[in-house]
Amino acid sequence: MSQLEDEISDVLNKAIRGLGKTSSEVAQAAGIDEVGLNAVLGGSIDKIVISKLAAVLNLDPEALLGLPKYQPNVAELAGVQRWIMPYRAWSVNAWMLEMDGVTLLFDTGWNRSDVLSKLHGVQPNAVFITHAHEDHVGGIEPLEEQGIRIISETEALKTSEYQFGNIRIQVIDLSGHCVPTASYLIKGFEKSLWVVGDAIFAGSMGGCKSTKNFELAVANLRNGFEQVDADCLILPGHGPMTSVELEKSSNPFRKYFS
Ligand SMILES: [Fe+2]
């Protein structure tokens with residue numbers, strides 16, 4: 001069982017922050033008292049309160065209540081490796097793709113020594129960055145020192161398409177959680193792959209620091225979801241691999257982007 005990035009309380013807190021509401025506004029709109037609200041925001045499970053909150057926050061109530069048991073059931077794909085690396089008390093993903101001798105790394109983890117030990121002497125053809133948060137770019141320096149090509153999110157958003165051997169990459173702007181954020185829609189494997197950084201996770205999305213960023217995040221996610229197939233696999237910056245189809249049905253934020 002792979003641990004999800006977020007629990008019910010995290011999703012509720014992200015939605016409230018994204019919509020720019022105060023606790024008392026939310027409690028009043030949901031018809032609950034603030035004590036009940038704060039208990040749920042602190043992690044306690046009260047199904048009635050959670051359903052009422054889902055309704056006022058435009059979250060999918062079934063998806064939200066189902067989160068503790070949600071596991072995206074996605075089979076691993078040849079040539080796709082999830083590298084789970086430490087980040088303070090948590091973890092962060094980097095994704096290593098390999099096809100016909102071409103290797104591409106997406107993000108670098110937090111710590112320079114972790115990425116080097118994972119690479120084990122392999123020199124990727126390029127390293128793509130989704131966004132510049134420290135847990136995704138902390139390993140860039142030793143890779144640059146080895147002369148490995150680093151493609152930043154800013155460069156990627158200007159370039160929009162890449163090809164390495166039989167791997168084709170389309171850049172899709174998923175700014176919001178972090179501005180800028182580049183996501184990468186990758187073709188050439190058995191299924192298409194979408195490396196999304198922290199824009200979306202299995203069962204959640206990246207937190208946004210303001211209502212403006214949240215609005216941008218969901219607008220970009222909506223646009224991104226229009227460009228990908230249902231069976232496209234989502235490779236997020238934290239938590240397990242999932243798919244477009246699964247997140248369209250099982251992500252509590254699904255009404256915002258699909
Ligand atoms: Fe991030």
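A: Happy to! The protein chain holds 12 helices and 13 strands, where helices (H or I, at least four residues) and strands (E, at least two) are DSSP runs numbered from the N terminus. This is a predicted model, in which local features need pLDDT of at least 70 and side-chain atom pairs count only at pLDDT 80 or more, while totals for chains, interfaces and linings use all residues. Residues are numbered from 1 along each chain as its sequence is written.

Now to the pair itself. Two packed helices are described by the angle between their axes and the distance between the axes. For helix H2 (residues 23-30) and helix H4 (residues 47-56), the axes come within 9 Å and cross at roughly 105°. Here, axes are lines fitted to C-alpha atoms, for helices over the stretch in contact, and angles run from 0 to 180 degrees between N-to-C directions. H2 and H4 are therefore roughly perpendicular to each other; angles of 65 to 115 degrees count as roughly perpendicular, under 35 as roughly parallel, over 145 as roughly antiparallel and the rest as oblique.

Which residues meet? From H2 come Val26, Ala29 and Ala30, and their partners in H4 are Lys52, Leu53 and Val56. Two residues are in contact if their C-beta atoms, placed from the backbone, lie within 7 Å. By class, this contact of H2 with H4 has five nonpolar residues, one charged and no polar. Ala, Val, Leu, Ile, Met, Phe, Trp, Tyr, Cys and Pro count as nonpolar, Asp, Glu, Lys and Arg as charged, and the others, Gly among them, as polar.

Stepping back, the C-alpha trace of the protein chain spans about 60 × 35 × 35 Å along its principal axes. Residues 24 or more positions apart account for 59% of the chain's contacts with a separation of 6 or more.
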